[in-house]
Amino acid sequence: MGIDISQFLDTFYEESFEGLDIMETNLLALDAGQVDDDTINSIFRAAHSIKGGSGTFGLMDVADFTHVLETLLDEMRDGVRPVTSEGVSLMLSSVDVLRDMLTALRDGNEIDTARVSEVHADLETMLKGSVAAAKEDQTVAETANAEAAPQASGDGWKIVFRPMVQMLKTGNDPVRMIKELDELGELSVRADLDDLPPLEDLDPEECRIGWTMELKGDVTEEAIKEIFSWVEDECELNIEPLAAAEVPETEVAEEAEAAPVAEPVTEPATAPAAVEVSATAPAPVAEKKEAAAPATVKKAAAKDSGSIRVGIDKVDVLINMVGELVITQSMLNQIGEEFTMDKLQKLQEGLAELERHTREMQENVMRIRMLPISFAFNRFPRLVHDLSQKLNKKIELKMSGEQTELDKTVMEKIGDPLVHLVRNSLDHGIETPEVRKANGKPEVGELLLNAYHQGGKIVIEIHDDGAGLNTDRIRAKAIEKGLIKEGENLPPEKIHELIFHPGFSTAEQVSDVSGRGVGMDVVKRNIKDLGGSVEVQSEAGVGSVFTIRLPLTLAILDGQLMRIGDQTFVIPLVSITESLQVNEAYIKSIASDTELYKLRDEYVPVLRLHDVFGIEPDSKELVGGLLMVVEGDGQYAGLFVDELMGQQQVVIKSLESNFKPVEGVSGATILGDGTVALIIDVAGLVQLARKRNRRGQGQNIAA
Amino acid sequence: MPTILAVDDSASMRQMVTFTLKGAGFSVIDAVDGVDALSKVKGKSVDLVLTDVNMPRMDGIALIKELRALPNFKFTPILMLTTESGSDKKSEGKSAGATGWIVKPFNPDQLLATIKKVLG
C-alpha cells in the first residue's frame, strides 16, 4: 500500500499538545487533593492516546517514554499505587519532557536527550519501587513463550480445534481460521460432527462442529497460534508436531482440556518481567540519537502552517450567512435576467443587501481569529505551582475574565511578557509565608489575573498582594545608574515607572526566576511593539498591579447605540452604569462651561457630546434630556445625548490605521444600514472631561 | 463495497484509519466515541467495526456490549484497537463480545491485512 502516515502528524501533534494540557490541568488538580477516578482517568487517557499515536506514527522515543508514564498512571488508576506529591511532580516534569520532545520533533530540532533520559530514569526508579512492578509486560511472557516453544520440524502439525458453542456470537468465523491455516501449508481437514444435534433441534447461532486438521509444511507453532489468538478463550485448541501426534484422538482432546494452550499466554511471568524493567532503561538512550529527527518529521515541520480551532457556533453563523448570500445572489440573478428600468429600485435594494451580507461575512470571518484569553492564561496554574515550590512561597492564583477574546496573533505575542510579569510578581512581589505572617498578612499570597475589554482595548491586569515596589530602593538605584539626579523630587508613580527603564533591576540577589535585570524593559518594549502600554500601580506593603492595555483592532464589542443630531455613536455596554432623564434640581454649574449633575451622593461632570464632537443636536437644553452615566478608569461622567437606540455587537475598525488617533474615540464601526458610527473611548472621554474641568477651575482661579 | 465503522477519540488515529480504509475502497463511518458511534449506526448495519478502547463518555468495551445487543450487530466482526499492555482490556473486550483485536501501534498495511482476513 505504502501510505505516507506522516501526513497525519500535524493532527497528532495538535491533539498531543491538547492532551498534555489536559494532563497538566488534572495533575495540578490531583496535587491540590482532588484524587478521584475522573481526574486520574483523564490523565491516563491522554497519556494512553499519546503513546498509541506516537507508536503508530513512528515516534518511538515518545512512545517509549510515555509507556513508562502510562504504567505508573495505570497503577494509580487501579489503586495499587498511592497518589503522592512526588509522583505528581515527577509526572508534571514528564509532561514537560513530552511537550519538549514533541515540539522538537515537530520543528525538526534536536531532542534534549539528557533531560529525557534523566526523567525517564526517575520514572523507572519510581516504578521499580512499586508493589506491582511485575504486573504488566505479558508481552515479555509471550515472547519468552514463543521462544521456548518447539519450532516446526518441517513435518507439520496436528491441530485439534473445537470452538465453544457461543464462538459465532463474537463475530468469529471458524472457516476464516481454517482458510488462513490453508495458506500456511498443505492442509487436510476433518470435521467432527459428533455434537451436531438433529436438524429440528439445531440452533444456527451455535457452533457445534469441531475440526481435526493436519498441516504439512515448514510452519512455526507461533504462526498457528497467531491465527487462533482471538479465540483462545473460546475454544479448545491442541497443537502438536505431526511426528509426536500418534496418541489416539480422544486422549488429545482430554489433554487439551486439562492444559489449555491459552494458559501460558495470559499467565503473568514474574521473572522475565523484572528483566524487562531494567532493560528498558538504557535502551532508549542508545536509540535516541538515530531516531531523534526522522526525515518524515522534518518534512511535516516544513509544511506546518499553523491551525486554529474554531467554535461550532462561529462556523454555524458563517454557514447561515453563506445561505443568505446565495438567496440574495439568486434574487439578483432573477432581476438581471429580465431587467427593465422600473426594477431599478429592487436592484439597488438587492445590491445593498448583498453588500450587507458580504460585510457581515467579512466581520464574522475576522471573528474566527478571536480566541478567549484563557489560551494564554492556561499555562499559569502550572507556572505558579512550580515557582511557589521553588521559592518556598504559598500562593493562590485566581483568574477572571478568561473568556475575553482577543486576536490570535496578539495572544501569541503577549504570552512571554505575561509570563515575565507573573514571574516577577511571584519572585519579587509576594513575600515568603514567614514575612507575610510577621507583617500580619495571611500566609498565602494572592495573585490575580484579570482581563476585560475597555474602550476597544483589551486590558490585562496582574494583581499581587505582596510587598509592593520599594520606592526608596528604586530611587537609590536610579540615582546610582544615573537615570535621575539626586535630590530630584519625583512622585512615587514616576519612580515606579523607572523599573521599565532598560538595564534596571532591584533584586538584591539575581535569581534564576526573574532573570538578570533584562526584563521589565523588554516587557515594555514587546507590549509597545504590539501598540499597547503597560503601567504599574503599587503601594508598599499592600501589593502591586501591572496593567497591560493592548489594542484590539479586530475585537467585537457589545455596544449601545445612541444619537446626537444626525450622528450615531456606539458606547461599550460595559462602561454604562445607568441612563436617566435630567432633573433640573440636580444640575450644578461651577464655571460657565462646567456642569455637574448630582447623582445620589456624588457629583458627576456633565459632558455635552455635541460640544465635544461639534454636532448640531436636537436640543441643547439639559433639563428633560437624556444623561448616560458612564465609567472609565474608575471615573464617572454623564454624557448628554439626544436619543438612546438599540444595542448590538459591533466590529471595531481602527481609526488609527484608517485615519488618525482621535481623543475620546477608540474606533469606528459600520452599522447594519451602512453608516459609520464612532465608538466612544469612555476612559479617554472622562479624562477629557476632567481636563476641561481643571481648565475651568484654573480660569476661575486666574479670575 | 463493505462499510466499516471506525471509532477513536484521537483525531490523528481516526484520520489515519479512515484514509487507509477509504484508499482501499471501503466506505467508512467514523465516530469519536461510543455515544457518537451508536448514534451514527442507529438502524444501519455495517460489515465491520473498529473501535479504540480508551475513550471518554462511552469506552470501547461498553460500545461493544451495546452493539452486540442490537440485532444488526449480532454477528458483525468487531475489532478492538488496543495497546500491548492492555491484556486485561483484551479479555474484557472479548467477554463483551469483541471478535478480536489489532495491536497498537499498527501501520496501514497491517490494518488492511487484518481487515481483509476478517472480511474474507
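## Ser12(B) and burial

A residue is called buried under 20% relative accessible area, exposed over 50% and partly exposed in between, using a 1.4 Å probe and protein chains only. Ser12(B) is buried, because its relative accessible area is 0%.

This is a predicted model: local features need pLDDT of at least 70, side-chain atom pairs count only at pLDDT 80 or more, and totals for chains, interfaces and linings use all residues. Residues are numbered from 1 along each chain as its sequence is written, chains are lettered from A and ligands numbered from 1 in the order written, and side-chain values use heavy atoms, with hydrogens and water left out.

Ser12(B) sits in helix H1 (residues 11-23) of chain B. Helices (H or I, at least four residues) and strands (E, at least two) are DSSP runs, numbered from the N terminus.

Setting aside neighbours within four places in sequence, Ser12(B) is in contact with Phe8(A), Thr11(A), Phe12(A), Glu15(A) and Phe57(A). Contact means heavy atoms within 4.5 Å.

## The sheet of chain B

Chain B has an open sheet of five strands, ordered E2-E1-E3-E4-E5, with parallel pairing. Two strands pair if DSSP finds at least two bridges between them. Strand E2 (27-31) and strand E5 (100-104) of chain B are the edge strands, each pairing on one side only.

Strands E1 (residues 3-7) and E3 (residues 48-52) of chain B pair in the parallel sense over four bridges. Within E3(B), Val49(B) is the bridge partner of Leu5(B).
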